[in-house]
Amino acid sequence: MAALADSMIGDHPARPVLVLSNRPCAGGLEKARERGIPVATIDHAAFSDREGFEDALDAALRRAAVDLICLAGFMRVLTPGFVARWKGRMLNVHPSLLPKYPGLGTHARAIAAGDAEAGASVHEVTAELDAGPVLGQARVPVLPGDDADALAARVLRAEHLLYPEVLRRVAAGDRSRVDLSLGPPAD
């Protein structure tokens, strides 16, 4: 979230209008406040069903006049109904080179498979988990001796470069794919 917000300056075609979390203690809320971005929390635990929670999300997003939703660390599966309301206007970042390794545990899965590279994907959100059109990918090498945490840190740095670039293009009406390849970290 911070990397996205920090990128939206100057001639960037988008501006952050709201940071919304379903977790009242999410660290991104304070980072948003520090940047002067309005924040909201809609705790999913306060709702008896997903539809009620998503109706509250939708209402908050519409009150803030949101044009494009950028998910980052939002670990809730959204219903097809919510996704349909925001079709073509919701992005997500995922820590794998989709379609490889949708869901959780991506770094350990890449290492266990013996993959030479891993990375991050930014995709349009669809009703199927991590299956929307990929708008960009950043590749990083899997290094000898990597564990899931070391690989995750390298992939996170790649996400912070990739997601802002994809957002810039999409906000400008350009859905052409972004591809980045990052070499091993400098010693």
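In this predicted model, P99 lies in the loop that runs between strand 4 (90-94) and helix 5 (106-112), and the peptide bond that joins L98 to P99 is cis, with an omega of about 15 degrees. The loop between strand 4 and helix 5 also holds Y101, a residue that is not a glycine and yet has a positive phi of about 55 degrees. Because its relative accessibility is 15%, under the 20% limit, Y101 counts as buried. Both features deserve a second look, because most residues other than glycine have a negative phi, and most peptide bonds are trans.

A positive phi of about 55 degrees is found at A65 as well, although A65 is not a glycine. A65 belongs to the loop between helix 3 (50-63) and strand 3 (69-71), and with a relative accessibility of 53%, over the 50% limit, A65 counts as exposed.

G119 and A131 are 12 residues apart along the chain, and their C-alpha atoms are separated by 16 Å.

Strand 6 (residues 134-141) pairs in the parallel sense with strand 7 (residues 178-181) over 4 bridges, and G136 has V178 in strand 7 as its bridge partner. Together with helix 6 (residues 148-171), strand 6 and strand 7 make a left-handed β-α-β unit.

As for aromatic rings, a search of the whole structure finds 1 aromatic pair, while the ring of F53 has the charged end of R76 sitting over it, 5.8 Å from the ring centre.

Note on methods. Residues numbered from 1 in each chain as written. Predicted model: local features only at pLDDT ≥ 70, side-chain atom pairs only at ≥ 80, totals over all residues. Heavy atoms only, no water. Phe/Tyr/Trp six-rings, centres within 6.5 Å; stacked < 30°, edge-to-face > 60°. Lys NZ or Arg CZ within 6 Å of the ring centre and 35° of its normal. Pairing = 2+ DSSP bridges. Helix = DSSP H or I, 4+ residues; strand = E, 2+ residues; numbered from the N terminus. Right-handed = clockwise from strand over helix to strand, strands pointing away. Buried < 20%, exposed > 50% of the residue type's maximum accessible area, 1.4 Å probe, protein only.
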